[in-house]
Amino acid sequence: MADLAHTAAAMVAPGKGILAADESIATMSARLEKAGVAPTEENRRAYREMLITTPDLASGVSGVILCDETFRQAVSDGRTFPEAMAQRGLLPGIKVDTGAKPLAGAPGETVTEGLDGLRERLAEYAALGARFAKWRAVISIGDGRPTRRKVRADAHALARYAMLCQEAGIVPIVEPEVLMEGTHGIARCAAVTSDVLQEVFAELDGAELDGIVLKPNMVVPGRDSGETATPDEVAQATVSTLRAVVEEKVAGIAFLSGGQSAAQATANLAAMQRLEAPWPLTFSFGRGLVDPALAAWRGDPERVADGQQALAHRVACNTAALTGTYTDALEREHAA
């Protein structure tokens with residue numbers, strides 16, 4: 001298990017975060033279409049190649065999460081994506097869940113599936129070069145939600161996934177995401193996040209916690225609540241919630257951006273660095289890193305450098321957040 005702990009520590013190394021580029025084929029195709037790009041297999045491949053070949057990406061990103069399609073594809077020079085990433089100093093990661101499906105006995109709620117055949121799939125991914133994996137559970141807040149059945153089902157699946165990963169020599173990213181969609185306030189988000197994480201860690205009994213990276217939501221008000229929270233308020237609510245329930249042995253915490261704007265997620269992350277925590281607090285952003293890159297690239301081979309500059313700008317802002325040098329002026333300076 002020492003190798004798992006070593007890899008997990010590298011994933012949350014000082015000044016580095018994790019890039020999530022693991023959108024499913026359907027989600028990535030929709031995002032390409034929205035950006036005016038034909039949703040073809042080649043364009044999905046070219047988009048991910050643009051991201052991972054960004055110059056000096058490894059200076060602020062420890063690893064990149066990919067989906068199954070991209071993990072099996074090759075970059076333009078013929079190397080597989082995992083090979084190209086490893087040679088650029090990036091840890092290859094793979095999303096292994098198969099998405100959220102309706103949960104029997106809990107109308108309106110879902111459970112993330114993908115456990116069938118997972119042991120064999122993990123062995124294959126390890127042979128292809130995977131060093132870590134990701135499984136995402138999504139929890140919505142609403143009238144009577146989440147139910148106890150929902151919380152238990154997702155926690156159980158996350159724990160089974162995590163232990164299968166460790167058996168295969170792969171570090172699991174455990175991602176229970178409490179969605180920000182809804183009218184709930186920040187206090188309700190904190191209560192649900194706490195409840196979910198308590199259930200997850202109860203199920204993780206027996207796992208090697210120093211070989212796990214937790215990927216939770218930040219504690220924020222619901223998008224339609226009308227409530228606002230400053231970065232300091234989000235940081236206080238998030239860190240205090242995590243300190244109360246997350247085991248100190250966990251290798252690190254890499255937050256998802258969860259639909260926040262890129263700048264908002266970065267400002268909240270920066271505020272957390274001013275608080276005491278027993279684990280590294282870093283980022284594992286998807287949209288919070290890549291949305292500007294996709295908008296700048298737009299599927300044009302002549303604009304690859306523009307897309308890469310946009311990604312490098314967001315990475316630079318987030319690494320500044322981790323090192324205590326992030327400011328609004330820095331956002332404007334990089335954007336310029």
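Where is Pro146 found? Select Pro146 and you'll land in the loop between strand 6 (132–139) and helix 7 (148–167). Keep in mind that this is a predicted model. For context, most peptide bonds are trans, and most residues other than glycine have a negative phi.

Jump to Asp56, in the loop between helix 3 (41–52) and strand 2 (61–66). Check its backbone: phi of Asp56 is positive, near 60°, and this is a residue other than glycine. Buried or exposed? Asp56 has 64% relative accessibility, so it counts as exposed.

Next, select Arg298, which is not a glycine either but has a positive phi of about 55°. With a relative accessible area of 44%, Arg298 is partly exposed. You'll find Arg298 in the loop between helix 11 (287–297) and helix 12 (304–323).

Stay here and show both of those helices. The axes of helix 11 and helix 12 come within 7 Å and cross at roughly 160°, which means the two run roughly antiparallel. The crossing of helix 11 with helix 12 is right-handed.

To see what touches what, show side chains. Helix 11 brings residues including Leu289, Pro292 and Trp297, and these meet a set in helix 12 that includes Val304, Leu311 and Arg314.

How values were computed:
Residues are numbered from 1 along each chain as its sequence is written. This is a predicted model: local features need pLDDT of at least 70, side-chain atom pairs count only at pLDDT 80 or more; totals for chains, interfaces and linings use all residues. Side-chain values use heavy atoms; hydrogens and water are left out. Helices (H or I, at least four residues) and strands (E, at least two) are DSSP runs, numbered from the N terminus. Buried means under 20% relative accessible area, exposed over 50%, partly exposed in between (1.4 Å probe, protein chains only). Axes are lines fitted to C-alpha atoms, for helices over the stretch in contact, and angles run from 0 to 180 degrees between N-to-C directions. Angles under 35 degrees count as roughly parallel, over 145 as roughly antiparallel, 65 to 115 as roughly perpendicular and the rest as oblique. A crossing is left-handed if the near helix is turned anticlockwise from the far one by less than a right angle, and right-handed if clockwise. Contact means heavy atoms within 4.5 Å.
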